[in-house]
Every structure is written in C-alpha cells, then in structure tokens.
Amino acid sequence: MEPSKIASLVQKIAGSDLSVDQYFQRHAVPFSRPQYFRYKARLAAEGLASLIDGRSQGNHRKLTPEVEGFLRGVHQTNPQLSLEKICKALKAALGVEVDRSTVEWES
C-alpha cells in the first residue's frame, strides 16, 4: 500500500467520531489495529517518508539513505579513517550514534 494512502486512512481514523475499535469494527481497513497505532506514531515522529516500505533494501536497516551517503562521503574523503572516528564524525554531524560493527558492515 502506498504511503500516501496509509497516511490518508490513519488521518481518517484519527479524525473519525468513532473510537478506533469502533472504526475497525465498522469499516474494512487493510491493516490491523496495532499497525494503525504504529503508523500513527511513525507519521507523527518522522512524517510520510517513514511509511515507505524498505523491505526491498533489506529488513531492519539501521541507517537511513542520508546516513549511508554521509558514511560513503567520509570514507571516500579519507579511506584510512578508523571505524571509531567515522562513528564519532557521524554522531557530530548528524547526531546518529551507531556501533562500529554497523559502520563496518555498511561501508
């Protein structure tokens, strides 16, 4: 399902006069009640982009495309940089803290 359709349904459910339980009882919704709350939280925290299905890129990806691009740039600029220093640069630049093993796997 497209992220915009998911967002539209989440907004429709949230704006309904019915409770969430009542809405799910009366309407055919293509996702579960627990998934509704996950979608709603992700939309509030990260916006529409958070609903894009990333499974084609691998499940449980720890790094966003922005972070991956940053890591590639740091590595290309200085390939001799230690994993620890790359992690520190990532934290300083983007506020993202990852383990060395994540950087090693992704770089």
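Helix α5 keeps three residues buried, namely Ile86, Cys87 and Leu90; here, buried means under 20% relative accessible area, exposed means over 50%, and partly exposed lies in between (1.4 Å probe, protein chains only). Seen down the axis of α5, these buried residues fall within an arc of 100°, so they line one face of the helix. That arc is taken from the directions that run from the helix axis to the C-beta atoms. The face turned away from the buried side carries the exposed residues Lys85, Lys88 and Ala92. An α-helix has 3.6 residues a turn, so residues three or four places apart point the same way.

Before going on, a word about the model. It is a predicted one, where local features need pLDDT of at least 70 and side-chain atom pairs count only at pLDDT 80 or more, while totals for chains, interfaces and linings use all residues. Residues are numbered from 1 along each chain as its sequence is written, and side-chain values use heavy atoms, with hydrogens and water left out.

Now look along the length of α5. This helix covers residues 83–94, and at 1.5 Å a residue its 12 residues should span 16 Å, which agrees with its end C-alpha atoms being 16 Å apart. The expected span is 1.5 Å times one less than the number of residues. Helices (H or I, at least four residues) and strands (E, at least two) are DSSP runs, numbered from the N terminus. After α5 comes Gly95, whose phi is positive, near 75°.

Next, the charged side chains. The structure holds 4 salt bridges, each a side-chain nitrogen of Lys or Arg within 4 Å of a carboxyl oxygen of Asp or Glu. One of them joins Lys88 and Glu84 (3.4 Å, N to O). Being 4 residues apart in α5, Lys88 and Glu84 are separated by about one helical turn. Lys88 is exposed at 54% relative accessibility, whereas Glu84 is partly exposed at 44%.

Helix α4 (residues 65–77) holds both Glu68 and Arg72, again 4 residues apart, about one turn of the helix. Their side chains meet in a salt bridge of 3.9 Å, N to O. Glu68 is buried at 12% relative accessibility, but Arg72 is partly exposed at 48%.

A further salt bridge links Glu97 with Lys91 (3.6 Å, N to O). Glu97 counts as exposed at 63% relative accessibility, and Lys91 as partly exposed at 41%.

Finally, visit helix α3 (residues 33–46), where you will find Gln35. Gln35 is buried, with a relative accessible area of 16%.
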